[in-house]
Amino acid sequence: MLKKFTARGTALVASIALLGGAAFVASGTTGAYFSDTKQGVVTGSIGSIAVGTAGGSGAAGLDLAFSKMLPGEAQTVSANYRNTGNTAQDVYIVFNNATALSTFNNLGSYGEAHLSANGAALFDSVNLNDRAATCGTFAPTGCWPLKSQYLLASNVPVNGTGTVSLTFNYASKMKGAPAAFNSYPASTQQYSDTLNSSDQTTVKAADGAGTGLPYQIVATQLGVAPGQ
């Protein structure tokens, strides 16, 4: 009887195994599948922002000089720029020496300044005073100091050119000529409606001392202002 039961048990196990194998085959999950592959690569070129300048002397062609200045007689100096990069760009003028700029604005109504780009006026003032405590609200009809930067042109195409001009004169009411144009930092109160050096808006030791009004022509990506 034991041998007979064992034989039947073996046959039953074999039948279950065969049924399981049949179910596996019927399901189709054999591990095989169809496929197709294509190869690609990501590449890119790099844009460049570059500006060429001319119109004056010096290495960058940006050294400009007023000559034999007299009160009431305006003079104009100009510089040119060109987009020498490979993409469109914005172009700014930046007066990058804060102490020199503050000294320039310290002239108040004893200085008159006009800034233009490509024939369009950007700034006009007959009172450069930059101290809010003295002026209150700044406005073109009152105190209107020169700012540290101005947008000269936006979306300048590759090889596009432009011109920026600064016109300046000392007021006719000035008595006595300064030793040089815009000696900074201001050391004495020369004019009755301007501020002495201790009242200047800005004096930075890192700016040093000198004469003139330092500036830069700065090209940037579209919509990006210098310093951002």
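1. Both Phe66 and Phe168 are buried, where buried stands for under 20% relative accessible area, exposed for over 50% and partly exposed for what lies in between, with a 1.4 Å probe and protein chains only. The model is a predicted one, in which local features need pLDDT of at least 70 and side-chain atom pairs count only at pLDDT 80 or more, while totals for chains, interfaces and linings use all residues. Residues are numbered from 1 along each chain as its sequence is written, and side-chain values use heavy atoms, with hydrogens and water left out.

2. A search of the whole structure gives seven aromatic pairs, a pair being two rings of Phe, Tyr or Trp (its six-membered ring) with centres within 6.5 Å, called stacked if the planes are under 30 degrees apart, edge-to-face if over 60, and tilted for the rest. Phe66 and Phe168 form a tilted pair, at 6.2 Å centre to centre and with 40° between the planes. Because Phe66 lies in the loop between strand 1 (51–54) and strand 2 (75–83) and Phe168 in strand 7 (residues 161–170), this pair ties together parts that are 102 residues apart in sequence; helices (H or I, at least four residues) and strands (E, at least two) are DSSP runs, numbered from the N terminus.

3. The rings of Phe104 and Phe181 have centres 6.2 Å apart and planes at 75°, so this pair is edge-to-face. Since Phe104 belongs to helix 2 (residues 98–105) and Phe181 to the loop between strand 7 and strand 8 (183–184), the pair ties together parts 77 residues apart in sequence. Both Phe104 and Phe181 are buried, and one aromatic cluster is formed by Phe66, Phe104, Phe168, Tyr170 and Phe181.

4. Seven of its eight residues are buried, so helix 2 is largely enclosed by the rest of the structure; the buried residues are Thr99, Ala100, Leu101, Ser102, Thr103, Phe104 and Asn105. They pack against strand 4 (111–117), strand 7 and strand 8.

5. The largest pocket holds about 490 Å³ of space. On a 1 Å grid over the protein atoms alone, a pocket is an open set of points where a 1.4 Å probe fits, with protein on both sides within 12 Å along at least five of seven lines, and lining residues have an atom within 4 Å of a point; grid points are joined across faces, edges and corners, and the volume is the space filled by probe spheres set on the points. Of the 31 lining residues, Leu64, Ala65, Phe66, Phe181 and Leu213 are the closest to the centre of the largest pocket. Strand 7 gives the most to this lining, with four residues.

6. For the chain as a whole, there are three helices and 10 strands, following the pattern α-β-β-β-α-β-β-α-β-β-β-β-β along the sequence. Of the 228 residues of the protein chain, 33% count as buried. Residues 24 or more positions apart account for 74% of the contacts with a separation of 6 or more, contact meaning heavy atoms within 4.5 Å.
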